[in-house]
Amino acid sequence: MAFGDKYSKWRVDESRVPAACGLSGVISQDGKMIGGDVIIESMKVLHDRGNGLGGGFAGYGIYPRYNDHYALHIMFEDADGRAACEEMLEMNLEVEAAEEIPTLPSPQIQDVPELRRYFALPRGEKLLAEAIEPDDFMVRLVMGINTTVPGTFVFSSGKNMGVFKAVGFAEDVGEFYRLPDYSGYSWIGHGRFPTNTPGWWGGAHPFNILDWAVVHNGEISSYGINKRYLEMFGYECTLLTDTEVMAYLFDLLVRKHRLPLEVACKVLAAPFWKDIDNESDPIERELEEALRVAYGSALVNGPFAVIVGYSRGIVGLNDRIKLRPLVAAGKDDFLYISSEESAIRQICPRPDRVWAPSAGQPVIGELKGDL
Amino acid sequence: MGKAATSDKTGSKSMTVDATGVHYKDLNCRVRGLIAEGCREITLDGVNGQRYIGDGLTDKVRIIVNGVPGNDLGAFMDGPTLFVNENAQDGVGNTMNSGKIVVKGHVGDVMGYGMRGGRIFVLGNVGYRVGIHMKSFKDQVPVIVAGGRAGDFFGEYMAGGVMVLLGLNAEEGPLVGNYVGTGMHGGVIFLRGQVSERQLGEEVRVFPLEEEDRCQLESLLAEFAAETGADISPVSIDEFAKLMPFSHRPYGNMYCY
């Protein structure tokens with residue numbers, strides 16, 4: 001689809017450079033609160049993996065006061081976009097609270113768009129009239145805003161979680177958004193080194209829909225196939241970067257199609273046919289075959305390491321031949337995942353266990369109980 | 001910048017540097033400066049994630065790393081001996097030419113990439129693509145010995161040198177991943193244990209141990225145990241599978257003339 005001048009201000013000249021994004025994630029499976037300063041501290045160690053053209057974080061459990069409401073984080077290029085967007089919000093949502101996202105202006109973070117957040121629920125009559133689930137309603141609304149309102153992007157739309165991202169180094173982005181003022185039971189962070197797509201605010205990681213947030217190091221060679229597949233289900237890729245498909249694929253496979261998380265990971269990093277042929281368990285073999293047949297267009301090809309956040313946990317996943325680094329560590333009820341062990345050691349000097357996840361095998365840390 | 005712990009500034013042979021929070025450029029400048037001043041043993045305390053430690057150094061110095069060093073430890077290194085008392089990350093010994101690296105923990109991916117000399121001894125596991133593009137020339141024969149297990153693509157495109165994988169912790173998982181020696185056209189890999197045909201690249205076969213292989217293994221194991229402190233008493237030379245390429249030009253037919 002054509003976006004016309006939707007991106008007028010956001011386009012930046014970008015030359016192609018070698019890649020090495022940095023990822024870090026942490027969860028307390030007992031639901032203990034972790035300050036935003038912790039994930040910033042971890043990302044500082046990965047500074048040299050990025051180049052300052054994108055940094056971002058997602059925190060879970062950070063909005064307990066409005067934990068039943070969708071927290072929309074929206075960036076506006078100008079007042080017209082905001083007016084048009086707020087009209088759409090007003091028409092579709094009961095907005096409980098709306099405010100500027102608190103920031104700490106700094107010389108490291110330039111060309112700041114207007115950043116606002118809205119805690120809201122879909123209007124009951126809208127849901128009734130269409131007999132639509134609230135989550136589906138919100139996905140459609142986010143896609144609607146992102147494709148039709150010029151210079152306006154919803155970059156976070158989950159409940160009791162939030163994505164904070166910008167052009168800059170991760171640690172500067174974290175301070176800019178005052179993350180040390182927040183605490184959550186899990187965090188993921190990203191420092192970007194953009195290669196094939198522009199380094200702009202919307203293109204920083206994490207990419208998000210509902211409570212799914214994805215940080216990624218690598219290149220999704222199957223982006224075109226994945227994007228067209230997602231469009232059949234109403235997902236529109238508007239953020240000019242391959243990683244976006246990963247967030248929507250998790251939403252589609254796990255929330256909509258109700259696949260268990262491990263099974264969804266088998267779709268994204270599908271076993272090779274030769275390994276399926278050698279699978280000794282017939283039920284497992286049948287499952288793997290069925291997934292490859294049914295979800296061929298959801299297979300994510302190319303080198304990648306991702307950390308995915310969702311309301312119940314975090315997942316680390318590599319491509320099928322581990323072409324990007326990923327390390328995990330455990331300490332008591334804490335799980336850590338990162339591009340480099342040093343980023344974990346910075347916030348957990350003496351882990352009980354450190355290991356290298358195998359290619360295509362997810363590392364999952366979930367909350368043990370309800371919050 | 002961390003301060004040297006030893007007090008005598010001139011003529012001192014060993015120094016300790018506190019690397020806590022020091023950027024890799026400053027740390028590596030400091031190391032080079034100390035070597036230029038005649039220092040022959042440098043202990044780096046509080047290392048965490050600093051890249052390029054020992055890179056390109058040509059003096060026969062000893063560097064002791066306390067903490068987890070960053071990527072490309074000992075890259076292009078030509079002479080020094082590095083001791084790491086913790087785990088190390090990716091790219092250890094990248095294109096190393098001579099010297100020795102000893103790691104007391106695990107190591108990440110692409111260790112020994114394009115290595116053309118020297119020795120790397122790792123007590124624990126090693127990651128994916130270890131020894132990729134390793135090569136040898138005359139008496140320049142690079143050696144890797146790992147006490148633990150290894151990921152996929154062990155010895156991928158290997159053109160020379162020796163790799164030994166001991167699996168001393170084999171109960172924790174498979175000794176080695178898939179695609180062992182894919183594209184291999186020189187050198188030799190010794191795996192302690194059985195490896196199935198389907199784990200191997202198309203270019204390699206299992207060969208019986210020769211007498212000279214046994215001698216080489218005995219000698220490497222002794223050196224490995226001395227450097228890492230590993231208990232190699234469970235290891236018997238008879239357990240090793242020897243992998244070598246059966247063609248020196250595996251892709252000879254893939255090009256047009």
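Modeller: The model is predicted, not an experimental structure. The sheet is an open one in chain A, built from five strands. Read across the sheet, their order is 11-12-13-14-18, and the pairing is antiparallel. At the edges are strand 11, residues 207-209, and strand 18, residues 363-366, of chain A. Each of these edge strands pairs on one side only. From one strand to the next, the twist averages 15°.

Strand 13 of chain A covers residues 304-310, and strand 14 of chain A covers residues 313-318. Six bridges join strand 13 and strand 14 of chain A, in the antiparallel sense. At one position in this pair, Val306(A) stands opposite Leu317(A), which belongs to strand 14 of chain A.

Next comes the contact between the chains. Chain A contributes 15 residues to the contact, and chain B contributes 15 residues. On the side of chain B that touches chain A, eight residues are polar, five are charged and two are nonpolar.

As for confidence, the model has an ipTM of 0.93 and a pTM of 0.94. Chain B has a mean pLDDT of 93, with 91% of its residues at 70 or more. In residues 1-5 of chain B, however, the pLDDT is below 50. That stretch of chain B has 13 contacts in the model beyond near neighbours in sequence.

Notes
Residues are numbered from 1 along each chain as its sequence is written. Chains are lettered from A and ligands numbered from 1 in the order in which they are written. This is a predicted model: local features need pLDDT of at least 70, side-chain atom pairs count only at pLDDT 80 or more; totals for chains, interfaces and linings use all residues. Two residues are in contact if their C-beta atoms, placed from the backbone, lie within 7 Å. Ala, Val, Leu, Ile, Met, Phe, Trp, Tyr, Cys and Pro count as nonpolar, Asp, Glu, Lys and Arg as charged, and the others, Gly among them, as polar. Two strands pair if DSSP finds at least two bridges between them. Helices (H or I, at least four residues) and strands (E, at least two) are DSSP runs, numbered from the N terminus. Axes are lines fitted to C-alpha atoms, for helices over the stretch in contact, and angles run from 0 to 180 degrees between N-to-C directions. pLDDT is the predictor's confidence in each residue, from 0 to 100.
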